Amino acid sequence: MTGPRRKSKGRRLPMTRSQVMSRVRGKDTGPEMRVRRALWAAGLRYRLHAKTLPGRPDIVFPSRRIAVLVHGCFWHGHEGCPRHRIPKSRIEWWTAKINRNKERDAQVRGALAAAGWTVIVLWECEAESQAKVEELVAAIKAVPRSSRV
């Protein structure tokens, strides 16, 4: 007599590009969560993805008029970063896509600045550096709160 029968997991097929892309999140990404945890631990309170602001910044400090954008190096085209590489298939499409993202990022930064907001961009690769995150925390703490919100 043999032991209990085990269900076979079967053969796992590799995920298609569509399945991989469907798992890419726009909110609550790893780098964003690292930054948010550090800000919270430093006693800084913020709002998330403010719908009333252009581009819905990742982290907003209304009393200090600061908007923090945590950009993924691949999606936002971080020049000089090893994570920013164009895939080898459909090079033209990916180049156009990332260039559109960069153009939109510039428009959002401009609109926020025109509305009187200080915009801070933190790249995914920088969010991994504790020193860079601490630098961000110090920069935000250095800006005094205004009485109007």
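Predicted model: local features only at pLDDT ≥ 70, side-chain atom pairs only at ≥ 80, totals over all residues.

Trainee: How far apart are the end C-alpha atoms of α4?

Mentor: Helix α4 covers residues 91-114, which is 24 residues. At 1.5 Å a residue, α4 should therefore span 34 Å. The model agrees with this expectation, for the end C-alpha atoms of α4 are 34 Å apart.

Trainee: Is W94 buried or exposed?

Mentor: The cut-off for a buried residue is under 20% relative accessible area. W94 has a relative accessible area of 5%, so W94 is buried. The buried residues of α4 are W94, I98, N101, D105, V108 and L112.

Trainee: What kind of pair do the rings of W93 and W94 form?

Mentor: The whole structure holds 6 aromatic pairs. In the pair of W93 and W94, the ring centres are 4.8 Å apart and the planes stand at 85°. Planes over 60 degrees apart count as edge-to-face. The pair of W93 and W94 is therefore edge-to-face.

Trainee: Which residues form one aromatic cluster with W93 and W94?

Mentor: W93 is partly exposed, because its relative accessibility is 37%. W93 and W94 belong to one aromatic cluster, and the other residues in it are F74 and W75.

Trainee: Which residue has its charged end over the ring of W93?

Mentor: Two such arrangements may be described. The charged end of R45 sits over the ring of W40, 3.6 Å from the ring centre. Over the ring of W93, at 4.7 Å from its centre, sits the charged end of R90.

Trainee: What arc do the buried residues of α2 cover around the axis?

Mentor: The buried residues in α2 are P31, E32, V35, R36, A38 and L39. They lie on the same side of α2, because the arc they cover around the axis is only 165°.

Trainee: Which exposed residues does the opposite face of α2 carry?

Mentor: The buried residues of α2 pack against several elements, including β1 (47-48), β3 (66-71) and α6 (130-142). The face of α2 turned away from this buried side carries the exposed residues R37 and A41.

Trainee: Which residue follows α2, with a positive phi?

Mentor: The 12 residues of α2 (residues 30-41) should span 16 Å at 1.5 Å a residue, and its end C-alpha atoms are 17 Å apart, which agrees. After α2 comes a residue whose phi is positive, near 85°, namely G43.

Terms used. Residues numbered from 1 in each chain as written. Heavy atoms only, no water. Helix = DSSP H or I, 4+ residues; strand = E, 2+ residues; numbered from the N terminus. Expected span 1.5 Å × (residues − 1). Buried < 20%, exposed > 50% of the residue type's maximum accessible area, 1.4 Å probe, protein only. Phe/Tyr/Trp six-rings, centres within 6.5 Å; stacked < 30°, edge-to-face > 60°. Lys NZ or Arg CZ within 6 Å of the ring centre and 35° of its normal. Arc of directions from axis to C-beta. Contact = heavy atoms within 4.5 Å.
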